[in-house]
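Here's a quick tour in questions and answers. Have a look at the picture, then read on.

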Amino acid sequence: MRMLLTVQMDTEKANTAITGKSLPATMKTVFDRIKPEAAYFGALDGQRTGYIVFDLKEPLDIPSIAEPFFQDLGAKVTFVPVMTFDDVQAGLQKFGSS
């Protein structure tokens, strides 16, 4: 299932990860596993935030995806199922045929 993973990083822990050069390693570890379709970065509520779209193969993968962000960055992590416009259209066609 396509997911939007939002990673809102604690400022102090992210600063430490940046100056200590561990932030790229944390991201690479997770990205190598989930192979994101897209990843964008910006600020939300004054905190560094990553917006990562990927295919969640199994719900049991959620802890192993989230833990590096919790432990290394003190991040607030959310997983939201998302669809493309084509997915929405197909779902609405299915709804209309029932």
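Q: Which residue in β3 is the bridge partner of Ala43?
A: That's Arg48. By the way, this is a predicted model, where local features need pLDDT of at least 70, side-chain atom pairs count only at pLDDT 80 or more, and totals for chains, interfaces and linings use all residues. Residues are numbered from 1 along each chain as its sequence is written, and side-chain values use heavy atoms, with hydrogens and water left out.

Q: What makes β2 and β3 a pair of strands?
A: Strands (E runs in DSSP of at least two residues, numbered from the N terminus) pair if DSSP finds at least two bridges between them. Seven bridges join β2 (residues 38–44) to β3, so the two count as paired, and they run antiparallel.

Q: How do you know that β1 and β3 pair, too?
A: Again there are seven bridges, in the antiparallel sense. One example is Met3, whose partner in β3 is Phe54.

Q: Why is Phe85 called exposed?
A: Exposed means over 50% relative accessible area, with buried under 20% and partly exposed in between (1.4 Å probe, protein chains only). Phe85 has 60%, so it's exposed.

Q: Which residues does Met9 contact, leaving aside its neighbours within four places in sequence?
A: Contact means heavy atoms within 4.5 Å. The partners of Met9 include Ala14, Leu23, Met27 and Leu73.

Q: Where in the turn between β2 and β3 is there a positive phi?
A: At Asp45, with about 55°; two residues lie between the strands of this hairpin.

Conventions
Helices (H or I, at least four residues) and strands (E, at least two) are DSSP runs, numbered from the N terminus.
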